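Dear colleague,

Please find below the structure I am handing over to you. I would be grateful if you could look through it alongside the notes that come after it.

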Amino acid sequence: MIARDRARAEAAQAWIAQEVPHASTELVTADLSLLAETRDAGERIASRHPRIGVLVNNAGIFDAKKVVTAEGHERVLATNLLAPFVLTSALLPALRAGAPSRIVNIGSSTSDRAEIDPDHLVLGQDWTMVRAYGQSKLALMMTTFALAKRLEGSGVAANVVHPGLVATGLVRTGGIIGLVWRCMAPFALSEEQGADTALYAALAPEMAAVSGLYLKNRRAAPPNRRALDPVLVERVWAATERLAAGPGRAMRA
Ligand SMILES: NC(=O)c1ccc[n+]([C@@H]2O[C@H](COP(=O)([O-])OP(=O)(O)OC[C@H]3O[C@@H](n4cnc5c(N)ncnc54)[C@H](OP(=O)(O)O)[C@@H]3O)[C@@H](O)[C@H]2O)c1
């Protein structure tokens with residue numbers, strides 16, 4: 001488990017121990033909006049676990065206001081796109097060594113109608129909460145597809161999952177968006193139901209060799225047409241790699 005708050009993460013570990021008595025968990029603390037901490041967390045995990053079977057990149061945020069991290073990255077882009085990219089990169093040798101293995105990235109159906117310009121992943125004056133979130137999830141999907149292609153034949157599968165509309169603390173804003181979120185909550189999935197498709201992608205035997213898919217409700221779903229354009233996908237990969245890696249830190253997929 002990677003979490004930013006030790007006390008809450010330890011409470012989650014205690015809950016897991018109670019629910020699944022034979023489970024063993026290990027905690028690494030890191031703020032996943034910071035790429036140096038994310039990279040360091042990945043390297044620490046890889047040094048302790050040279051073979052990894054499953055990586056689920058679940059952490060994600062929906063910011064009501066534009067926030068820039070101490071590293072100078074816009075926080076939604078950093079958390080939802082750059083962190084999974086950096087973490088996956090750090091863990092890829094262990095995932096390859098653990099093959100057959102799986103990467104499950106948690107996307108969102110907000111990507112279905114999002115727009116993206118690989119030369120303008122860092123939104124400026126045009127930043128809005130909906131645009132930043134949708135674009136980050138579309139970019140996550142496109143980099144997942146690009147990674148799946150790079151990993152063909154390696155035994156490492158990479159898929160992106162929309163969990164459904166789930167009653168969680170994702171939207172912490174007021175205003176019209178917060179109001180709509182709170183009104184939808186009674187019709188939303190529970191957290192357990194929301195985990196179902198991600199766990200299906202991570203664990204189902206029939207998904208072991210399935211890669212490069214967008215899953216909703218345990219089924220392949222049609223992605224945003226932009227994610228089916230191989231040239232655009234590669235440009236988004238390159239732009240993400242530049243933002244996430246900096247010089248000399250390209251992902252060796
Ligand atoms: N809820 C939905 O309807 C919905 C729909 C589509 C997609 N999703 C996606 O599902 C995933 C899970 O979201 P959720 O709905 O379960 O929301 P959530 O309850 O807010 O959970 C988000 C998780 O990400 C962690 N996180 C956020 N920023 C972090 C950081 N900088 N460092 C470390 N951990 C961080 C949070 O940790 P803390 O506990 O420390 O805050 C929390 O555990 C996200 O990727 C989200 O975009 C959700």
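The notes below cover the ligand, the sheet and the helices in turn.

Please bear in mind that this is a predicted model.

The ligand has 21 residues around it, and Leu32, Ala59, Gly60, Thr168 and Leu170 are the ones that come nearest. Divided by class, this shell holds nine nonpolar, eight polar and four charged residues. Both domain 1 (1-30) and domain 2 (32-245) give residues to the shell, so the ligand lies between the two domains.

Five strands form an open sheet with mixed pairing, in the order β3-β4-β5-β6-β7. Its edges are β3 (54-57) and β7 (219-220); each has a single partner strand, so one side of each is left without a neighbour in the sheet. Within the sheet, β5 (residues 156-162) pairs with β6 (residues 214-216) in the parallel sense, over three bridges. Helix α4 (residues 129-150) packs on the sheet, where it touches β4 (101-106), β5 and β6, and its direction makes about 160° with that of β5. Helix α7 (residues 196-203) lies across β3, β4, β5 and β6 and runs at about 160° to β4.

Two further helices, α3 (residues 75-97) and α8 (residues 230-245), pack at an angle of about 80° with their axes 9 Å apart. That angle makes α3 roughly perpendicular to α8. On the α3 side the contact is made by Leu81, Leu82, Phe85 and Val86, and on the α8 side by Thr240, Leu243 and Ala244. Six of these contact residues are nonpolar, one is polar and none is charged.

With kind regards

Notes
Residues are numbered from 1 along each chain as its sequence is written. This is a predicted model: local features need pLDDT of at least 70, side-chain atom pairs count only at pLDDT 80 or more; totals for chains, interfaces and linings use all residues. A residue is near a molecule or strand if its C-beta atom, placed from the backbone, lies within 6 Å of it. Ala, Val, Leu, Ile, Met, Phe, Trp, Tyr, Cys and Pro count as nonpolar, Asp, Glu, Lys and Arg as charged, and the others, Gly among them, as polar. Domain bounds come from an automatic or database domain assignment. Two strands pair if DSSP finds at least two bridges between them. Helices (H or I, at least four residues) and strands (E, at least two) are DSSP runs, numbered from the N terminus. Two residues are in contact if their C-beta atoms, placed from the backbone, lie within 7 Å. Axes are lines fitted to C-alpha atoms, for helices over the stretch in contact, and angles run from 0 to 180 degrees between N-to-C directions. Angles under 35 degrees count as roughly parallel, over 145 as roughly antiparallel, 65 to 115 as roughly perpendicular and the rest as oblique.
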